[in-house]
Amino acid sequence: MSAQRKERAEEVLSEERGSVEDEDFEEAVKEAASAAPARRKLIMPQQQVIINIPEVVEDFLRNVLRRAGLTRTLKVFEAEWTDRLLRETPTTAAGVSFIPDALTHRQLLQSKLDTVRGETDTLRREVLAAGETMVRMQRERDFHRLQYRRVAEDKNKLMEDLKQMKKHLESYEQVLRQLDDKYQKTLRQKMLISLEKDRIQNASEPRLKQEKLQMKKQRSIRRSAGTDNSPAKSPVKRHPQDSEFPFCSRHENPHPALVNPAKCKTPSSFSLSCSIRAHKLPISSIDLHPRKQLLASASDDRSWRLWALPAIGEKVGQMVMTGEDHSDWLSGCSFHPDGTKLATTSGDTTVRLWDFSLGRCVLILSGHSQPTWGCSFHSCGHFLASCSADRTTKLWDLNSQRCRLTLRRHTASINSVLFLPSSNLLLTCSADKTLALWDARLGLCTTILRGHRHPCNHAAFSVASDIMASCDTCGTINLWDIRKPASAVASVDAGPQGANQVAFSPSGKMLAVASSDGLVRLVEVDSCAVTSLSGHGQSVQSVTFDHTGETVMSAGSDGLVNVWS
């Protein structure tokens, strides 16, 4: 019964609401019709914008229906009211019709909502893409982090290995030093033994010859004593240890087997093969060992050094020995013919003789009053000639250790002195622009050579011919024939800067010139053609060939010894 009563009550309530809705709707329509002219008066036909209109009848009706909960009536009212307004609302001259505020605001909000939704979808897609990118980057980050950890572990392992290797190397450094010292000592001993061997071999031959001569003299004396009863003449008084000059017919090449004229190199084929930092200060002179590939260098640092020249393919030379006993710079050096000794000249006015087997100076020759510029051994090895700025040349007897002769002829400093190989002739050149040939046995000047216009620096003989060369301070090189010394047979201009030294090749076909402009010039003796070799940073002071003529050694003020082959 209660359920039926409830249904009956709901039907009655709905009928009442329907009657109320119909009555309210008619009243609302009337009120809206009466208020429509007033609202049309507020419309400005000139303005084409939607103005903010206060609450009107339709808004009032909507609010009433909404408060009463009459939703169906509200929907029907909005539909009919909107259609009516669209039919009755006039349009302006521009064709613009006015739409109620609620609909306009709804459309604006709907468009904004659509825009926001679109932007939301776009942002959602971008967020998803960013999330995927972030995930990928996180994976890459994890990968690179693992790689970094591996690299860091490898680095730490390598650092530990490096520390262990350093400790291992430090433990062997002392052993390496000891081995290097032993190697240097062994190398020096080997070199000294070979030099001593050569000295003994060279010393035994003259001794045997001297013994034979003494035996012949004794026999002849006995024969003369048996046949002649007249008293013997007393010999001329001399120093008991004075040496005799040997008999020399003509000069000859000391290394004829090493020179092959058919295979002589051309000047253009020489190139720099090795550079040795021999001294820190300028090098004034170099000289090659008479038999071995050893080079002696004299420097302004008051020392001389003996170098083992590098073999073919090697780039570094080794120092074998050094000597320091002069009190001033060294100006020249010269090997003894047997290769066991070295003579040096210096600014301290002395000439010193060094013995390689003893490793020290064994003889000091004092007699010059000014710096000595150069020295040269006689081919027999018993005599040494030295020249000086005091305008004299002295001839020293190494057996009696005294000055046998003092040669005076030049009027200025004597810059070089040289014995002709296997001869008793001595050649000197001077700053007085002349050269002089001397007979060393008699101490007489046999020839004066004139032809230079500037002070002469150096002169050299060719062991393969009768040609000699001289150079001066302006780079002029004169070639002379010893048999016709009246005038130079040829002249080569290597200037404008000075030429400091000249040296003939063993074949005599090429002449090397040490120039002050830092170049080594090679002159072909026959054609006088000049080729230049550049490799020194400063002036070249000394130059020489090896025993075969296939290598040129040069030294300069930059302290370098360059080897050209």
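Modeller: The model is predicted. Over residues 226-237 pLDDT stays under 50, and the model has zero contacts beyond four places in sequence for them.

Colleague: What makes residues 39-48 another stretch to list, and how many contacts beyond four places in sequence does the model have for them?

Modeller: Residues 39-48 also have pLDDT under 50, with 10 such contacts. For the chain, the mean pLDDT is 82, and 77% of residues reach 70 or more.

Colleague: Why is the set with W304, L306, L342 and F356 called a nonpolar core?

Modeller: A nonpolar core takes buried residues of nonpolar types joined through side-chain atoms within 4.5 Å, and therefore the name applies to this set. The set has 17 residues and is the largest such core; W304, L306, L342 and F356 have the most contacts inside it. Helix 4 (101-227) and strands 3 (294-299), 4 (304-308), 5 (318-323) and 6 (330-335) each give two or more residues to this core. Another core, of 15 residues, lies apart from it and includes C471, V492, F504 and L511.

Colleague: How do you know that strands 11 and 12 pair?

Modeller: Pairing needs at least two bridges, so a count of bridges decides it. Five bridges join strand 11 (residues 383-388) to strand 12 (residues 392-397), and the two run antiparallel. A385 stands opposite L395 in strand 12.

Colleague: What makes strands 10 and 13 edge strands?

Modeller: Strand 10 (372-377) and strand 13 (402-408) each pair on one side only. The open sheet has the order 10-11-12-13 with antiparallel pairing, and its twist averages 20 degrees from one strand to the next.

Definitions and conventions. Residues numbered from 1 in each chain as written. Predicted model: local features only at pLDDT ≥ 70, side-chain atom pairs only at ≥ 80, totals over all residues. Heavy atoms only, no water. Buried < 20%, exposed > 50% of the residue type's maximum accessible area, 1.4 Å probe, protein only. Helix = DSSP H or I, 4+ residues; strand = E, 2+ residues; numbered from the N terminus. Axes fitted to C-alpha atoms, helices over the stretch in contact; angles between N-to-C directions. pLDDT = per-residue confidence, 0-100. Contact = heavy atoms within 4.5 Å.
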